[in-house]
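Trainee: I am new to this structure. Please show me how to read its features one at a time.

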Amino acid sequence: MAPPKTTASKEPLKILMLHGYTQSGPLFHSKTRALEKALTKALPTHSIHFSYPTGPVRLDPADIPGYNWTSDNNEEPEPAFGWWRRKDLPSPTANGEMEIVYTGLQDGLDRIAETIKTEGPFDGVTGFSQGACAAAMVASLLEPGRREFFAFAADTPDEALMERYPSSFYPFHNEGSPQPQLKFAIIYSGFAAPGTRYSKFYEPLLTTPTLHFLGTLDGVVEEARSRALIDRCEEAREAVHPGGHFLPSQRPWLDAAVGFVRECLEKDKKGGGQGGGGKRGEEEDVEDMDVPF
């Protein structure tokens, strides 16, 4: 019988963890302890490290949905952050239409790129809500050929409408870069960035294997928004839970995440390349609001 592996001999597994709007890295860490524990227990041959960066956008009380703060309130709001702010701005076209713009998105992606440089390379990414949208973007940006698709779009008449490829991600496509395409992405209450401006994040479809958690009672991110992201992922799986806008910590949903990660790692180790082995859109069956992200 082989002796158990020591920490030094275990295979490293690094996962980038991206918090939701109005959260922070430390707060998201406190909400994902069950997932951390489940993955660590299920993958004893790996030395797992989770990185929790905080978004660069410091939010004001007015940015926080449902928070009513006055100068008479003795309690200061907890620090809240985001990866960007959502705004409705006039379109650059001459038709006078409005479009959804994620102001500060480049700064948010730069913060994530810096985390990849200093704490990576990463094997996978996990995100919640706005962080889930960001997680899908990061997975996309690290895929081979994505930078070229952005460049091609910049040479079209729609250049003014297109988000540019972040320069902070350029080094990850250089020969010898330690950060390859991610092996997996776990998406909780995720959604796709809307409109033509962000289309190159999803065109062509993401090839990174993704697992999408949807809550049947989620009143913040509507199911249609989550499915718009699922439809943009080539190897997407679904896990639908009977809850709202949160990370489910019950056993069935933890098992779904663990099984997905294990399968992606095993396939990568066997030389199967990227891919979680599931069919697109495969489901693992186990309030109206103006959302500012």
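Mentor: Start with histidine 241, which counts as buried because its relative accessibility is 2%. Buried means under 20% relative accessible area, exposed means over 50%, and partly exposed lies in between, with a 1.4 Å probe and protein chains only. This is a predicted model, where local features need pLDDT of at least 70 and side-chain atom pairs count only at pLDDT 80 or more, while totals for chains, interfaces and linings use all residues. Residues are numbered from 1 along each chain as its sequence is written, and side-chain values use heavy atoms, with hydrogens and water left out.

Trainee: Where is histidine 241 placed, and which residues does histidine 241 touch?

Mentor: Histidine 241 is in strand β10, residues 236-241. Helices (H or I, at least four residues) and strands (E, at least two) are DSSP runs, numbered from the N terminus. Contact means heavy atoms within 4.5 Å. Leaving aside residues up to four places away in sequence, histidine 241 touches Leu214, Gly215, Thr216, Phe246, Pro248 and Trp253.

Trainee: Trp253 is among the buried residues of α7. What span should helix α7 have?

Mentor: The expected span of a helix is 1.5 Å times one less than its number of residues. Helix α7 (residues 251-269) has 19 residues and should therefore span 27 Å; its end C-alpha atoms are 26 Å apart, which agrees. The buried residues of α7 also include Leu254, Val258, Val261 and Leu265. Just after α7, glycine 271 takes a positive phi of about 85°.

Trainee: How are two packed helices described?

Mentor: They are described by the angle between their axes and the distance between the axes. Axes are lines fitted to C-alpha atoms, for helices over the stretch in contact, and angles run from 0 to 180 degrees between N-to-C directions. Here the axes of α3 (residues 105-119) and α4 (residues 130-141) come within 11 Å and cross at roughly 65°. The two helices are therefore roughly perpendicular to each other. Angles under 35 degrees count as roughly parallel, over 145 as roughly antiparallel, 65 to 115 as roughly perpendicular and the rest as oblique.

Trainee: Which residues of α3 and α4 meet?

Mentor: From α3, Leu105, Leu109, Ile112 and Ile116 meet Ala134, Met137, Val138 and Leu141 of α4. The residues of this contact are eight nonpolar, no polar and no charged. Ala, Val, Leu, Ile, Met, Phe, Trp, Tyr, Cys and Pro count as nonpolar, Asp, Glu, Lys and Arg as charged, and the others, Gly among them, as polar.

Trainee: How far apart are glutamine 130 and glycine 20 in sequence and in space?

Mentor: Glutamine 130 lies in α4 and is buried, with a relative accessible area of 0%. Glutamine 130 and glycine 20 are 110 residues apart in sequence and 4.9 Å apart in space, C-alpha to C-alpha.

Trainee: What about phi and the peptide bonds?

Mentor: Most residues other than glycine have a negative phi, and most peptide bonds are trans. Threonine 22, in the loop between β1 (11-18) and α1 (25-31), has a positive phi near 75°. Serine 189 also has a positive phi, about 50°, and is found in the loop between β8 and β9.

Trainee: Are threonine 22 and serine 189 buried or partly exposed?

Mentor: Threonine 22 is partly exposed at 24%, whereas serine 189 is buried at 2%. As for peptide bonds, a cis bond joins glycine 120 and proline 121, with omega about 0°. Another cis bond joins glutamate 203 and proline 204, also with omega about 0°.
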